[in-house]
Amino acid sequence: MAETVFSRPGALAPVITHYCPGCTHGIIHRLIAEVIDELGIRERTVGIAPVGCAVLAYNYFTVDFQEASHGRAPAVATGIKRARPDLIVFTYQGDGDLASIGMAEIVHCANRGEKVTVVFVNNAIYGMTGGQMAPTTMPGQIATTCPLGRDVEQAGHPIRIAELLSTLRTPSFVARAAVHTPLYAVNAKEMLRRAFRYQVAGTCFSMVEVLSTCPTNWGVPPVEANRWLAQNMMPFYPLGVFKTPDGADRAPTPGAGD
Amino acid sequence: MAKKLMKGSEAIGEAAVQAGCRLFFGYPITPQNEIPEYMSLRLPQVGGCFVQAESEVAASNMLYGAAGTGERVMTSSSSPGISLMSEAASYLAGAELPVVIVNIVRAGPGLGGILPSQGDYFQATRGMGHGDFRLLVLAPWSVQEAADLVQDAFDLADFYRNPVMVLGDGLIGQMMEPVEFSSDRQPIKELQPKTWAATGCPGDRPTNIINSLFLDPEELERHNWKLKAKYDAMTRDEIRSASYAADDDYDVLIVAYGTVARVCSTAIDELRERGVRVAMVRPITLFPYPYQAIRDAALRASSVLVVELSTGQMIEDVRLALEGARPIHFHSRVGGMLVTPDEVIEKVECILAGGAAEVSHG
Ligand SMILES: Cc1ncc(C[n+]2csc(CCOP(=O)(O)OP(=O)(O)O)c2C)c(N)n1
Ligand code: SF4
């Protein structure tokens with residue numbers, strides 16, 4: 001009998017997602033599911049879906065889910081974890097959800113040191129509503145509400161969430177990763193594994209910001225979108241570990257060029 | 001259990017604990033700070049958890065998350081904070097989560113003032129947020145009744161899988177009165193296990209999803225009618241009202257709720273001593289509203305007086321109840337000013353002397 005070397009993770013539902021071709025939301029889902037399988041926590045995990053393109057994430061995992069209102073996932077996670085500390089609780093949020101409307105909720109969830117895991121998908125745009133400017137949109141990047149490109153005089157500069165959260169005194173694990181090539185995806189999975197492990201051990205709050213593509217609203221084909229991310233986002237959003245609960249210095253991702 | 005002298009807000013907190021509430025999320029706002037303060041000390045003593053949230057938006061969404069695990073949960077706030085909870089209220093109703101929300105109403109609009117008001121009646125009884133939904137609303141007039149209704153609120157929330165609001169004002173919160181907690185209180189409804197809770201999927205059932213998103217309009221329409229059926233069941237089974245001095249004949253019927261009804265009861269006692277025939281009907285559930293009880297009671301009187309701490313909100317429900325069958329008079333104070341028994345007495349005497357203008361004609 002042939003040995004199975006690759007299959008769908010048990011935590012990933014056997015369904016087709018609604019994500020656009022080339023969108024990296026699906027890859028991030030898979031990495032999370034693999035980590036849940038490897039840590040053997042599927043039966044006690046509860047996910048929280050955001051308002052954004054990942055709003056239907058609850059259909060794509062074989063774990064119990066709650067759907068939060070826009071930006072409030074870290075508050076919902078707090079409620080779940082405080083009610084049931086034995087559960088493994090993670091949120092999955094876009095950049096409009098987390099870095100704009102939900103800024104208060106994420107900062108205070110991290111600052112209280114809630115023992116939950118946040119997966120923050122930064123694609124520099126509002127995907128679901130049709131490509132409006134996000135707080136993470138790059139200077140000069142065209143979006144439907146900045147048709148001439150983001151003007152930093154009017155809209156300010158993009159917000160670096162990993163850096164921002166790592167300034168909090170409360171111990172936590174904060175990292176930024178990317179998934180636009182297999183090698184980076186392997187590193188992203190390692191970051192997610194560490195984030196979930198800290199929660200399983202009851203150590204601290206953990207957040208992994210994952211740079212992601214939106215070929216549809218960036219208006220570029222998928223392969224080019226991967227390149228665009230590397231050329232435009234990675235220099236401004238450096239990859240690496242920004243904060244660990246033991247207070248170790250920032251560790252850049254090897255080969256990420258910063 | 002023996003009677004104990006308690007402040008209203010402490011009685012509300014203790015009643016929640018007695019009802020099995022183990023999680024409380026809140027944000028400071030006058031005049032209800034004593035409730036979160038009480039819970040912050042009390043909940044850890046019973047293995048529960050208190051979280052001071054960064055805002056009422058966050059507190060109410062924490063409530064949502066915790067309720068989704070099937071635990072009994074509560075928050076309290078006052079008017080401006082309740083406005084910030086309207087988002088979560090809509091999601092809670094949509095996702096059918098049982099929670100108890102206490103609103104110790106203060107005068108508005110805007111920042112308003114911190115003194116008692118009934119200006120949030122529309123907000124409480126007309127759904128509180130976007131979409132087609134209702135809260136079940138309970139309005140106590142004494143500290144004992146506040147304690148009893150808070151406990152009932154948890155049973156009703158669980159039974160209907162719907163948010164229940166306890167609507168009070170600063171008077172209820174600050175009043176000291178003797179309270180008794182029964183040591184063998186039984187749930188007022190037959191409650192089912194919460195098999196819908198999202199607490200980890202063992203694999204022998206489909207995943208439990210706490211959700212209010214229905215992208216298919218036919219499915220959402222079915223969901224809307226399912227919610228409506230619950231509100232209809234509440235209207236059939238949960239209406240509560242009390243009458244005061246209505247055993248004897250009366251000419252004027254007062255309709256008032258909460259602490260205002262308490263003031264009116266003092267006025268009625270005095271008027272009765274002078275031989276003036278007046279009685280009161282007091283809604284205890286504001287949604288569902290006791291239309292029939294008010295109509296029946298009003299038909300025994302020649303005119304009706306609505307007393308409330310707003311420029312005229314509950315009076316609209318009294319109008320619906322009477323459909324013009326009796327003239328309706330109105331007395332109110334707003335802005336945090338209170339109605340006094342003397343004002344009520346004067347108003348009743350004026351009505352009987354034919355000198356008071358009707359606001360609605362019979
Ligand atoms: C209170 C509220 N405001 C606005 C919206 C509309 N809305 C839906 S998704 C979204 C932005 C999503 O963007 P992002 O979080 O970046 O996720 P993405 O779709 O890019 O994955 C907005 C503004 C909403 N649903 N609720
Ligand atoms: S709109 Fe963008 S983020 Fe949303 S699914 Fe499509 S590619 Fe992905």
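## A tour from the interface into chain B

Start by selecting Gln66(A), which stands opposite Ile210(B) in strand 9 of chain B. Here strand 2 (residues 64–67) of chain A and strand 9 of chain B run parallel, joined by 2 bridges; two strands pair if DSSP finds at least two bridges between them. Helices (H or I, at least four residues) and strands (E, at least two) are DSSP runs, numbered from the N terminus.

Before moving on, note that this is a predicted model, where local features need pLDDT of at least 70, side-chain atom pairs count only at pLDDT 80 or more, and totals for chains, interfaces and linings use all residues. Residues are numbered from 1 along each chain as its sequence is written, chains are lettered from A and ligands numbered from 1 in the order in which they are written, and side-chain values use heavy atoms, with hydrogens and water left out.

**Where the chains meet**

Now show both sides of the contact (heavy atoms within 4.5 Å): 34 residues come from chain B and 33 residues from chain A. Across this interface there are 3 salt bridges, a salt bridge being a side-chain nitrogen of Lys or Arg within 4 Å of a carboxyl oxygen of Asp or Glu. Select Asp64(A) and Arg205(B) to see a salt bridge at 2.8 Å, N to O.

Next, pick Glu87(B) and Arg72(A), another salt bridge, with the closest N and O atoms 2.9 Å apart. Glu87(B) lies in helix 5 of chain B and Arg72(A) in the loop between strand 2 and helix 2 (73–83) of chain A, so this pair joins two chains. Is Arg72(A) buried or exposed? At 9% relative accessibility, Arg72(A) counts as buried, while Glu87(B), at 21% relative accessible area, is partly exposed. (Buried means under 20% relative accessible area, exposed over 50%, partly exposed in between, with a 1.4 Å probe and protein chains only.)

**Inside chain B**

Stay in chain B and select Arg72(B) with Asp155(B), a salt bridge with its closest N and O atoms 2.9 Å apart. Arg72(B) sits in the loop between helix 3 and strand 4 (73–77) and Asp155(B) in helix 7, so the pair ties together parts that are 83 residues apart in sequence. Both Arg72(B) and Asp155(B) are buried.

To finish, colour the whole network of salt bridges: Arg72(B), Asp152(B), Asp155(B), Asp158(B), Arg185(B), Lys194(B) and Arg240(B).
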